[in-house]
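Subject: Handover of a structure

Dear colleague,

Please find the structure below, together with its sequence.

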Amino acid sequence: MEGDSKRATPGTMNRRVFSGAAVASALMAFGSEKTAVAEAGKGSPASSPQRTGNGEWTYDVVSEWGKLPAGKSFGGTHGAISSDKGGNVYVSTQSETGILVYDSNGHLQKTIANQYPEVHSLYYSVEGGDEIFYATVQKGTPAENWLILKMKTDGTVLQKIVAPPEAGFKAPNEWKVTSVVPGPDGSLYIANGYGDSRIFRFDKKGNYQSAFAGKGTEDGKCDCSHGLAVDTRYDQPLLLVCDRENFRLSHFDFDGKFVGHVTQHLRRPCQVSFHGDYAIVSELQGRVTILDKNNVPVAFIGDNPQHSQWANYTLSPSDIAPTVFSAAHGCYIDSNANIYVSDWNRTGRVTKLTRAQV
């Protein structure tokens, strides 16, 4: 589902879309530094900084952050990363380990949601003073799979949403949700990314309201509506969609109307996390891209020069240089601008990066 290889095709550009020339210019500006950093990271002494990125977005890899106890494994990292107000970091997995909870130093504290393996996305919210996660579950249990969960940070489930028959679903496996976010009025937006690419709107009580988008390449359509985010960088909040197999990000309003393409010619964007006016985008083809408010790339982090490693689920993490990504899937930037990335990897790979002093 994740690992098939595709090539980008040109699309219609608008004023907020960086052109092919802009991309080429950015790559030329950053490419030599990026490649040198990536090669330096592989095989460098443990005491040497393992560095990636460029300019103010230059980062050092935190060695062995999140390392599990001996004999334990992630069981696959095809998911997401988030944190709570106490600074604890949550990493979802594809196994009975559920969601791993670390302190800020990368020490494992506990696991939650073990009964729902394969949590694919996590969205943190504070509601009525309570800390909440909205999550999409893939396989889950034999009795409950492909569902939406609203849960406390200790894993206590508060709400579940499953495939709505009124949306035209005739079989459970048509509902293959990949992301969920609450909108400004509390309505829930759910992406059927691994299904028909429609995006569904539910009210805050979980009642089905409407659907929009759907599979296609034209404006207002998606080919794997993989990740969702609420973009508040502009006068009007907008729904940002990672249209993965169309290699672009797109904006919709919260009534489901297509607004425009944010940027194109990415490398299979999966998820987005915001830091002020910047958007951090994980790309399945071995890279994380930083976009400014104009959605122009200002930095590439962990750009992997080995195309054979892009979206390669079977790689051993030991074969991937510490300063590059093979299949950046989950991404999260915290209030201190630390960046966390989980690669789509069968045995699990999680990286923490801190801003370098340059």
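Predicted model: local features only at pLDDT ≥ 70, side-chain atom pairs only at ≥ 80, totals over all residues.

Residues are numbered from 1 along each chain as its sequence is written, and side-chain values use heavy atoms, with hydrogens and water left out.

Strands are DSSP runs of E with at least two residues, numbered from the N terminus. Two of them pair if DSSP finds at least two bridges between them. Strand β8 (residues 130–137) runs antiparallel to β9, and six bridges join them. Isoleucine 132 has lysine 152 of β9 as its bridge partner. On β9 and β10, which also run antiparallel, there are four bridges, and isoleucine 148 is partnered by isoleucine 161 of β10. The hairpin of β9 and β10 has four residues between the strands, and glycine 155 takes a positive phi near 95° there.

Why is strand β9 largely enclosed by the rest of the structure? Five of the six residues of β9 (residues 147–152) are buried, where buried means under 20% relative accessible area with a 1.4 Å probe, protein chains only.

Phenylalanine 169

Phenylalanine 169 lies in the loop between β10 (157–161) and β11 (179–182). Its relative accessible area is 12%, so phenylalanine 169 is buried. Leaving aside residues up to four places away in sequence, phenylalanine 169 touches Ala163, Pro164, Glu174, Trp175, Asn192, Arg198 and Phe200; contact means heavy atoms within 4.5 Å.

The two pockets

A pocket is an open set of points on a 1 Å grid over the protein atoms alone, where a 1.4 Å probe fits, with protein on both sides within 12 Å along at least five of seven lines; lining residues have an atom within 4 Å of a point. A volume is the space filled by probe spheres set on the points.

The largest pocket has a volume of about 750 Å³. It is lined by 36 residues, and Ser82, Tyr124, Ser273, Tyr332 and Ile333 are the closest to its centre. Elements that give two or more residues to this lining include β3 (81–83) and β7 (119–127).

The second largest pocket has a volume of about 450 Å³. Of its 19 lining residues, Ser63, Glu64, Trp65, Arg349 and Val350 are the closest to the centre. Strand β25 (residues 349–355) gives the largest share of this lining, four residues.

Methods: Buried < 20%, exposed > 50% of the residue type's maximum accessible area, 1.4 Å probe, protein only.
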